[in-house]
Amino acid sequence: MDELDTGRVTDARIEAHIFALLADREPGASICPSEVARALTTPTRWRALMPRIRGVAGQLAAVQRLRVTRKGLEVDAHSLGGPIRLALPTPRGAAPSRRG
């Protein structure tokens, strides 16, 4: 039984994992939400976790703790139009990374 089935993947765990993955990257780098999902559940169940990860990302973006981007532009975590990336907020006056 994977973590998704047992209910151990909480919003707090998702949030912690987002920030842990970002801490392991170069400053200004971003991550794909699927990286978070794949790390928290089995290879066959990660897609089921994606709506919750987008939800947590949206909540973090709303309080400016996270940037949600598509092709380098900030977007709503639930917006349609393709894959999103997650990154730490850009310090004031600094240009966002082109990777994200």
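**Salt bridges, a covered strand and a pocket**

Four salt bridges are found when the whole structure is searched, a salt bridge being a side-chain nitrogen of Lys or Arg within 4 Å of a carboxyl oxygen of Asp or Glu. The model is predicted, so that local features need pLDDT of at least 70 and side-chain atom pairs count only at pLDDT 80 or more, while totals for chains, interfaces and linings use all residues. Residues are numbered from 1 along each chain as its sequence is written, and side-chain values use heavy atoms, with hydrogens and water left out.

One of the salt bridges pairs Arg52 with Asp11, the closest N and O atoms being 3.2 Å apart. Arg52 belongs to helix 4 (residues 46–62) and Asp11 to helix 2 (residues 11–23), so this pair ties together parts that are 41 residues apart in sequence. Helices (H or I, at least four residues) and strands (E, at least two) are DSSP runs, numbered from the N terminus. Arg52 is partly exposed at 32% relative accessibility, and Asp11 is partly exposed at 36%; buried means under 20% relative accessible area, exposed over 50%, and partly exposed in between (1.4 Å probe, protein chains only).

Glu15 forms a salt bridge with Arg65, with 2.7 Å between the closest N and O atoms. This pair links distant parts of the chain, since Glu15 is in helix 2 and Arg65 in the loop between helix 4 and strand 2, 50 residues apart.

Strand 2 (residues 67–70) is covered on both faces: Arg67 and Thr69 are buried on one side, Val68 and Arg70 on the other. Strand 2 runs antiparallel to strand 4 (residues 85–87), to which three bridges join it; two strands pair if DSSP finds at least two bridges between them. Arg67 has Ala87 as its bridge partner in strand 4. Two bridges also join strand 2 to strand 3 (residues 73–74), again antiparallel, and there Thr69 is partnered by Glu74. Strands 2 and 3 form a hairpin with two residues between them, and Lys71 in the turn has a positive phi of about 55°.

The side chains of Arg67 and Glu74 meet in a salt bridge (3.1 Å, N to O). Arg67 is buried, at 9% relative accessible area, whereas Glu74 is exposed, at 57%.

Arg67 and Glu74 also lie, with Gln64, Pro89 and Thr90, nearest the centre of the largest pocket, which is lined by 10 residues. A pocket is an open set of points on a 1 Å grid over the protein atoms alone where a 1.4 Å probe fits, with protein on both sides within 12 Å along at least five of seven lines; lining residues have an atom within 4 Å of a point.
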